[in-house]
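Subject: Structure handover

Hello,

Here is the structure I said I would pass on. Please open it next to this email, then read my notes below.

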Amino acid sequence: MLFRSWLLPVILLFTTYLAAQETAPVVTLPGTQKLSIKSVVAEQEYELLIHLPGNYNTQTSKTYPVLYLLDAQWDFPLTTGVYGSQYYDGFLPGIIIVGITWGGKDARPERLRFRDFTPPVYKSPMGEGKALEFLKFIKTELIPFIDSKFRTAKNDRVLAGSSLGGLFTLYTMFEEPTLFNRYILTSPALQYGNGVVLEHEKLFAAKKIPLNARLFMAHGELENPGPFEKFAEHMKQRNYAGLEMQTRILDHIGHSGTKAEGYARGLQWVFAKPSLQLSPAVLNAYAGLYQLGNDTLKLVGESGKLVASMGDGNRFVLDAATENDFYLKGEFLNLYFKKDQSGKVSGFQLEQFGGEQFVKKISQ
């Protein structure tokens with residue numbers, strides 16, 4: 001009797017839990033959608049997880065860079081979250097994210113990623129070494145498909161991947177160097193196939209052509225960074241024309257954990273704005289007082305920078321992306337100066353996360 005009195009509440013609780021599981025709504029990521037594409041080249045159906053910028057449907061004349069993300073079955077929620085935080089802090093422009101994973105009957109990403117992400121090697125293991133076919137799919141089928149459906153910046157593409165995805169990202173850079181202009185990768189599987197990707201790098205180097213790209217690579221401190229550091233140093237010694245590169249060893253991080261910090265740092269790096277030193281003549285044209293709501297904003301030039309101060313004593317340094325466009329690091333705050341017909345500065349368009357307004361210059 002005692003056993004039954006204990007068991008019945010447990011059964012009822014478990015039954016209630018199952019019922020809640022059946023009726024609870026599915027959690028979705030705002031601003032996302034799912035598409036599919038059947039590749040003739042790769043003979044595979046792929047699922048595409050799409051994230052659009054928040055202003056995509058309101059700024060209808062604007063085009064956007066595209067981030068092509070490998071292993072979306074794992075990394076799409078992570079990457080969209082990282083993107084959102086970095087966008088809010090002003091480090092990134094609006095970006096379309098296209099996450100690539102496998103679709104169709106009995107799709108098994110843990111097996112298919114070995115097939116699609118690995119370059120061919122002598123006597124490739126069964127079911128591996130199809131990176132060339134997967135790259136052809138991206139170039140001839142996927143990118144045209146995305147360009148046809150969304151307002152993309154046709155010459156501004158990012159490729160991002162980790163582990164085997166990082167291996168494929170490097171392979172792509174050496175095999176099709178003009179397909180992407182920004183690369184983010186963490187913990188690349190450099191030793192796959194006895195270092196086959198190094199052979200592709202060697203073949204590319206022999207062509208002696210520019211590598212016009214920004215490359216970010218990161219590796220975990222706790223996952224034997226030796227081969228990665230050796231490869232990073234080798235890339236620096238190559239001194240490829242047009243290549244800007246940053247590498248990082250992430251403190252107290254293992255293999256899978258590199259993606260969160262690595263993708264955040266990588267997005268910051270590949271989309272980093274210029275920070276120009278401007279002449280006194282340029283800065284003096286902007287110096288003066290501006291009416292910002294009920295407050296007065298003062299701008300002065302100091303040591304090649306534009307410095308802003310408010311009546312309450314707050315003071316901050318603005319960086320110059322161009323001679324007319326300024327921004328505040330770490331915040332979503334951009335200033336775009338305007339001139340009147342006589343060529344004098346009339347004010348600036350202030351862009352913040354919540355919207356835009358024109359700020360008028362009231363005196364020199």
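**Glu221 and its loop**

Glu221 is partly exposed, at a relative accessible area of 39%. The terms work like this: buried means under 20% relative accessible area, exposed means over 50%, and partly exposed is in between (1.4 Å probe, protein chains only). Glu221 sits in the loop between strand 7 and helix 7. Helices (H or I, at least four residues) and strands (E, at least two) are DSSP runs, numbered from the N terminus. Leaving aside neighbours within four places in sequence, Glu221 is in contact with Ile249, Leu250, Asp251, His252 and Ile253. Contact means heavy atoms within 4.5 Å. Glu221 and Ala281 are 60 residues apart along the chain, and their C-alpha atoms are separated by 47 Å.

Asn224 is in the loop between strand 7 (213-220) and helix 7 (226-238). Asn224 is exposed, because its relative accessible area is 52%. Its phi is positive, near 55°, and Asn224 is a residue other than glycine.

**Before you go further**

This is a predicted model: local features need pLDDT of at least 70, side-chain atom pairs count only at pLDDT 80 or more, and totals for chains, interfaces and linings use all residues. Residues are numbered from 1 along each chain as its sequence is written, and side-chain values use heavy atoms, with hydrogens and water left out.

**The whole protein**

The protein has nine helices and 16 strands. Its C-alpha atoms fill a box of roughly 80 × 75 × 45 Å, taken along the principal axes. Of the 364 residues, 46% are buried. Take the contacts with a separation of 6 or more: residues 24 or more positions apart account for 63% of them.

**The cores**

The largest nonpolar core has 56 residues. Helix 4 (residues 131-149) gives the most to this core, with eight residues. A nonpolar core is a set of buried Ala, Val, Leu, Ile, Met, Phe, Trp, Tyr and Cys residues joined through side-chain atoms within 4.5 Å. Which residues have the most contacts inside the largest core? They are Tyr68 and Phe168. Not counting residues up to four places away in sequence, Tyr68 touches Val98, Ile100, Leu142, Ile143, Ile146, Arg157, Val158, Leu159, Ala160 and Phe180. Another core, of 25 residues, lies apart from the largest one. Among its residues are Tyr87, Ile97, Ala160 and Ile184.

**Helix 2**

Helix 2 covers residues 72-88, 17 residues in total. At 1.5 Å a residue it should span 24 Å, and its end C-alpha atoms are 22 Å apart, which agrees. The expected span is 1.5 Å times one less than the number of residues. Ala72, Asp75, Phe76, Thr79, Thr80, Val82, Tyr83, Gln86 and Tyr87 of helix 2 are buried. What do the buried residues of helix 2 pack against? Their partners are strand 1 (32-39), strand 2 (44-51), strand 3 (64-69), strand 4 (96-102) and helix 8 (258-270). Gly90 follows helix 2, with a positive phi near 85°.

**Two helix pairs**

Helix 2 and helix 8 pack at an angle of about 45°, with their axes 10 Å apart. Helix 2 is therefore oblique to helix 8. Angles under 35 degrees count as roughly parallel, over 145 as roughly antiparallel, 65 to 115 as roughly perpendicular, and the rest as oblique. Axes are lines fitted to C-alpha atoms, for helices over the stretch in contact, and angles run from 0 to 180 degrees between N-to-C directions. On the helix 2 side, the contact is made by Asp75, Leu78, Thr79, Val82, Tyr83 and Gln86. On the helix 8 side are Lys259, Ala260, Tyr263, Ala264, Leu267 and Gln268.

Helix 5 (residues 164-175) and helix 6 pack at an angle of about 20°, with their axes 9 Å apart. They are therefore roughly parallel to each other. Leu167, Leu170, Tyr171, Phe174 and Glu175 in helix 5 meet Val197, His200, Glu201 and Phe204 in helix 6.

Asp106 lies in the loop between strand 4 and helix 3 (109-117). Its phi is positive, near 55°, in a residue other than glycine. Is Asp106 buried or exposed? Asp106 counts as exposed, because its relative accessibility is 60%.

Gln191 is in the loop between strand 6 (182-186) and helix 6 (196-207). Gln191 is exposed, with a relative accessible area of 60%.

Best wishes
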